[in-house]
Amino acid sequence: MKCSICQNEADNRKILLKEMMFGFRDTFEYFECNHCACIQILEIPKDLAKYYPSNYYSYQAAEVPVKRSIIRRIHYNFHAFGRNKLPGSLLALKFKPPLFYNWLKELQAGDPNESILDIGCGNGQLLKRIYRLGFNDLTGIDPFLDRDISYNASLRLLKKDIFEVDGKFDIIMMHHSLEHMDEQNAVIQKASSLLTDGGRMLIRIPIVSRPLMEKYGENVASLDPPRHLFIHSLTSILKLLEDNALTVYKTIYDAELFSILGSEQYAMGISNVNDDRSYIQNPAGSSFTQEDLNRFELQINALNKKGESDSIALYIKK
């Protein structure tokens, strides 16, 4: 049980984790590094595709029209940079800014001609939304795409993994994709090589939460075996970035209601999918009340504020 992140072999603790999202209930061996606290799978299953069925959530994302919107561009510029103050302020009264505006704002994405790469883009819904804001150089990669798709000169989705990509990018994003990849150091090393000097990167990943681990143990939903090959601690992900000459300039804990709702369900033996007792699949058949959901929301928000939740957004510079 040698840690892939810090190479420690001493006193690492084996953990048995059970697949619960789809209710397969297959058991997998993981271990927690005694030095950097990263939780990682011992052996990747040969039939990993089994655990990404057609109803896996990233395959179910709604389609987004590939169409420019001047209104959305004004709204974004006002929210992110205070530009177009009069029309932007009027739009702000009517439209709540979507979450990805905050991601772009923290990435200092003001120049529409900067190149953006989304690693693990799925069906490209995020890049399509960014395209609608007026950005002109957008590339998404995902090895599970059926084929390459070029919508126009500004937006393309490629059936590739990170090691098949060349060129340089001003901004790179990984939205809950890094934890699904083997060879973590090689992935970050390659991502760093793809960044321009002064380029920025956003990595959003699940992270080990001590309070949730103490309460739910193997039932913490964000462990998600065997799809999540690595669940980093803050120590392990910072080491990985520092080893590749990357610096974190902002950290935001951004876990949502599911972190607790999913963990509560797993502790009760309820899978999120393929179970009519699941609130996520069948709210009417669930035993959870609105009061329960409100309480879970308050709990996860409190953990976010303390920096102790199980999801993190890291803003990084080269």
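Reader: Which residue in S2 does Arg 13 stand opposite?

Author: This is a predicted model. Strand S1 covers residues 13-18, and six bridges join S1 to strand S2, residues 27-32, with the two running antiparallel. In S2, the residue that stands opposite Arg 13 is Glu 32.

Reader: What is the order of the strands in the open sheet of four strands?

Author: The pairing in this open sheet is antiparallel. Its edge strands are S1 and S10, each of which pairs on one side only. The order is S1-S2-S3-S10.

Reader: Where is Asp 254 found?

Author: Strand S11 takes up residues 247-253, and helix H8 takes up residues 258-267. Asp 254 is found in the loop between S11 and H8.

Reader: Does Asp 254 count as buried or exposed?

Author: The cut-off for buried is under 20% relative accessible area. Asp 254 has a relative accessibility of 18%. Because 18% falls under that cut-off, Asp 254 counts as buried.

Reader: Which side chain does a polar contact of 3.2 Å join to that of Asp 254?

Author: Leaving out residues up to four places away in sequence, Asp 254 touches Arg 204, Asn 304, Ser 309, Ser 311, Ile 312 and Ala 313. With Ile 312, the side chain of Asp 254 reaches the backbone nitrogen at 3.4 Å. The polar contact of 3.2 Å is between side chains, and the partner of Asp 254 in it is Arg 204.

Reader: Which element gives the largest share of the lining of the second largest pocket?

Author: The second largest pocket has a volume of about 280 Å³. Of the 13 residues that line it, the closest to its centre are Leu 99, Asn 102, Trp 103, Ile 252 and Asp 254. Two elements give two or more residues to this lining, helix H3 (99-106) and strand S12 (311-317). The largest share, four residues, comes from H3.

Reader: How many residues in the lining of the second largest pocket are charged?

Author: Asp 254 is among the residues closest to the centre of this pocket, and Asp belongs to the charged class. By class, the lining divides into seven nonpolar residues, one polar residue and a charged group of five.

Reader: What is the bridge partner of Thr 251 in S12?

Author: S12 is mostly covered, with six of its seven residues buried. It pairs with strand S9 (residues 195-206) in the antiparallel sense over seven bridges, and Arg 200 stands opposite Lys 317 in S12. Six bridges also join S11 to S12, again running antiparallel. In S12, the bridge partner of Thr 251 is Leu 314.

Reader: How many of the 10 residues of H8 are buried?

Author: Among the buried residues of H8 are Ser 259, Ile 260, Leu 261 and Tyr 266. What covers the buried residues includes H6 and helix H9 (290-306). H8 is mostly covered, and the number of its residues that are buried is eight.

Reader: What is the phi of Ala 245?

Author: Ala 245 is found in the loop between helix H7 (234-242) and S11. At 58% relative accessibility, Ala 245 counts as exposed. Most residues other than glycine have a negative phi. Ala 245 has a positive value, near 60 degrees.

Reader: Where is the place of Glu 183, a residue other than glycine with a positive phi?

Author: The phi of Glu 183 is near 55 degrees. Strand S8 covers 169-175 and helix H5 covers 184-194. The place of Glu 183 is in the loop between S8 and H5.

Reader: What is the omega of the peptide bond from Pro 225 to Pro 226?

Author: Pro 226 lies in the loop between helix H6 (210-216) and strand S10 (230-231). Most peptide bonds are trans. The bond from Pro 225 to Pro 226 is cis, with omega near -5 degrees.

Reader: What is the volume of the largest cavity?

Author: A search of the whole structure finds one cavity of 30 Å³ or more. Residues lining the largest cavity include Ile 207, Leu 212, Met 213 and Asp 310. By class, its lining has seven nonpolar, two polar and one charged residues. The volume of the largest cavity is about 40 Å³.

Technical notes. Residues are numbered from 1 along each chain as its sequence is written. This is a predicted model: local features need pLDDT of at least 70, side-chain atom pairs count only at pLDDT 80 or more; totals for chains, interfaces and linings use all residues. Side-chain values use heavy atoms; hydrogens and water are left out. Buried means under 20% relative accessible area, exposed over 50%, partly exposed in between (1.4 Å probe, protein chains only). A polar contact is a pair of N or O atoms within 3.5 Å; within protein, one must be able to donate a hydrogen and the other to accept it, and residues adjacent in sequence count only if both atoms are side-chain atoms. Contact means heavy atoms within 4.5 Å. On a 1 Å grid over the protein atoms alone, a cavity is a set of points where a 1.4 Å probe fits but cannot get out, and a pocket is an open set with protein on both sides within 12 Å along at least five of seven lines; lining residues have an atom within 4 Å of a point. Grid points are joined across faces, edges and corners, and a volume is the space filled by probe spheres set on the points. Two strands pair if DSSP finds at least two bridges between them.
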